[in-house]
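Dear colleague,

I am handing over the structure below, and I would be glad if you kept it open while reading the notes that follow it.

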Amino acid sequence: MKILVVDDEQDVKALFEQRFRKEIKDGRVEFAFAYSGEDALQLLNRWEHEALLILSDINMPGMSGLQLLENVKKRYMKPPPVVMMITAYGDAENYKIAKELGADDFLTKPVDFVALKEKLNLTNG
Amino acid sequence: MRTILTLCFFLVVNICSAQDTAITLSASMFQSHQRLFLAPLDGWIFRQGHDPSWADENSDITGWKKFNLTELTAKMEDNTGRVEGWFRIKIKLDSSFQNMPLGISRDLWAATDVYINGELAHSFGNTGNPYQPYNPILKYPRPVTLIPGEEYLIAIHFVDYETTFTQREIRLKPQNLQRFINLTGPEYTNLVTRDIKLTHIYVTICISVSSLLFLLFWLLVFLNPGQKIFVLFARYTTFILLGTIFIFGNTLFEISYSVEKVRFIVMSFSQAVMVIFGLFILEWVLTQKISAASWIIFIVVQIANITAHLFSISLPFGLAFTIMLVHFGRIVYIHRKNIRGAQWTIVAGIILPTIATIFYITLHKYSLDLFNEYDKLILSMTVLSSPFFLLTYISMRFKEVLAAVKDEAQKVIDITEEKRQLLANQNLVLEKQVEERTHELKHSLETLKSTQSQLIQSEKMASLGELTAGIAHEIQNPLNFVNNFSELNTELIDELQKELAAGSVQSAGEIVSDIKSNSEKINLHGKRAGDIVKGMLQHSRTSSGQKEPTDINALCDEYLRLSYHGLRAKDKSFTAKFETELDKAIGKINVVPQDIGRVVLNLINNAFYAVNEKFKVEGQKPGTSYEPTVTISTTRSLSSAEGRGEVIIKVKDNGNGIPDSIKDKIFQPFFTTKPTGQGTGLGLSLSYDIITKGHGGQLQVEPGEQAGSTFIITLPLK
């Protein structure tokens, strides 16, 4: 499974790679990282029709996570990839908008990786 | 005694009624100034017609009737208006005339020949052809020689030949005919001499004075147009001048009877006009108008006046004159309380000549002695007193006007002084007020200052509010890393223990380096979170005003991110690109970090607001290429105007820019383009103060209308 993580924080890469060290080693997941919405869209263009999970932060300079979500869900590709939004704690507003835009699932910061893995397994399953 | 004698004498005359009885004349019979009127004597006999022989002592006197000269009437005229006849009388002078030079005088115009004892003694005018009346004005008596004690036959041949339409002497009342012929003594001669002298004196005075007054008043009219009173006076003096000329006209030259009659009528007319016009002036001065009643009275008096003087019908004139006096007397009476100052001279100037006229007439009738003595004086008074009083009026008016002017001037001075005092008082009051106001202002200023500091605080809190959401977000990221990396490390340590137990040293080494790297990350993100909290606290804290070395680039970066996330937190639809172009060479410079941070935050907030506003419009358009972007750049310049070098911070947006119309206002306090409740309007104003006053720098704007605006902070290096 290919997972595209979109976040403007550079350390996200290190975090995910370590958190999913075993899964990566086993070849169960493959991670790609984009540091902005624009980068993410470029990558998606390149990987057209690949089965994909997108994990996106919302607050980013330039294109926000919500815009990315909108792009992916409404205009981008068929079948649309699964998109999980990472929102700040208690950010009901963003949650609601993302839901409307067709977000498939939500994570709250700080990211609970145990829960995330469960969700990914479910998704895989 | 003399009266008794005279009475006896008349009794004797009446008894001796025979014609040829001589009438004895005595010096006691002299009227004033030794003048004996012969006309009213009782001994006259008369016959109408003419025969030269009737002068003769021996001519037949049958058919003659007893008739004296005062009994002549106009009824005796023939169809040509001629009256001719002879009178005869015998007289004897008593001893009272001893050694007295005698003369014959006449005061009437009818041509008359006087015969004494049949001899022509003197011709007054010409009774023959051509008829020539006798001018009696200012004439000396003709000397005659009559010896006392001797009897004389006096025969008079007279002709009165005038048109019936003029006032003829024979129409006069009997008392006027008394002076037909008189016997005079030397005193009368003296009187004539005196009369001639006085006449010339008074004529000269009256004519020259009234001419001068005439000129003077018309000059006044000419110099003061619009002064009705002067016009009235000038007309009045015109009538006075005319009146004077006509009154004295018959004494200026040997006047003919026809001219004399005209003069007489014109004089009568002028005198009436003078009197009434004077009364008009009085009325005008008192009431400022001349009533219709006055004009009617004027006309009636004038008509009555002419009939009186042409036909000797004096009753209507007397009545009209009386009515006139009553009418104007009434006006004076009604307005007596309003008569002030100079007006009295008018009243006097009208009343005095009227009184003089009445006095003149009365004197003429009842006291010829006094009349002969003072007639010229009184006449002059009737003529000249009015204009003199008018002159006095003008003098007094002038004085009054001057006094009024002086009064006005004094008033002006008083008012000026009053105003000056008022001004001085007002100045005092004003000074006091200014003091009070200054005090109030000081108080207001203090209040304002405290309000301002409160506002600054609330502005700070407002931007803090914006910050909080951003901070909450910002702090999530480092926390995310801190939590996850620490959890990871726990896991890694578990794995490490397993590997160590398994004796796999290589794997253990890899895990340890991971743990180290992770704990470094934990440390880094922990610090980051700490910085964010510190920054927030610094921002909300009242500025210490203490300058300290500050990393401008870090400050800009931090606030840019804070601002961005703060806005994102508030408005989910908001998005913008932000870029930093930071000059690494800047290093740390001495500023008040909280203050500069606030300015930077404010400018960045504004920039994001601007691009968002534009995006709200542009973003909706299909196929838009608008990309909201905010760029913050820092540069260090070594060549400032002061040569000290400077740091420039530019906050650039690609929003809608600032319209020229508000460019000058944006740094004013409370100016905001944001909707009510969204902006305090203090941000830029406070920023401006912080940069210019707090740091000696400059805050400028390049308000590119389409390209967006750029705010430029210039901080001098010390």
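In this predicted model, the contact between the two chains draws 20 residues from chain B and 22 residues from chain A. On the side of chain B that touches chain A, the elements that give two or more residues are α9 (368-502), α10 (505-540), α11 (552-570) and β13 (577-582), and of these α9(B) gives the most, with eleven residues. Sorted by class, that side of chain B has seven nonpolar, eight polar and five charged residues.

Chain A has 125 residues, of which 38% count as buried. If one takes the contacts in chain A with a separation of 6 or more, 62% of them are accounted for by residues 24 or more positions apart.

The axes of helix α5 (residues 257-287) and helix α6 (residues 292-311) of chain B come within 10 Å and cross at roughly 160 degrees. Because angles over 145 degrees count as roughly antiparallel, α5(B) is roughly antiparallel to α6(B). The crossing in which α5(B) passes α6(B) is right-handed.

By class, the contact of α5(B) with α6(B) has ten nonpolar, five polar and one charged residues.

Further along chain B lies helix α14 (residues 683-695), whose 13 residues reach 17 Å from the first C-alpha to the last, which is close to the 18 Å expected at 1.5 Å a residue. The buried residues of α14(B) are B:G683, B:L684, B:S685, B:L686, B:S687, B:I690, B:I691 and B:H695. The helix α14(B) is followed by B:G696, a residue whose phi is positive, near 65 degrees.

With kind regards

Technical notes:
Residues numbered from 1 in each chain as written. Chains lettered and ligands numbered in written order. Predicted model: local features only at pLDDT ≥ 70, side-chain atom pairs only at ≥ 80, totals over all residues. Axes fitted to C-alpha atoms, helices over the stretch in contact; angles between N-to-C directions. Helix = DSSP H or I, 4+ residues; strand = E, 2+ residues; numbered from the N terminus. Parallel < 35°, antiparallel > 145°, perpendicular 65-115°, else oblique. Left-handed = near helix turned anticlockwise from the far one by under 90°. Nonpolar A, V, L, I, M, F, W, Y, C, P; charged D, E, K, R; others polar. Expected span 1.5 Å × (residues − 1). Buried ≥ 20, exposed ≤ 12 C-beta atoms within 10 Å, placed from the backbone. Contact = placed C-beta atoms within 7 Å.
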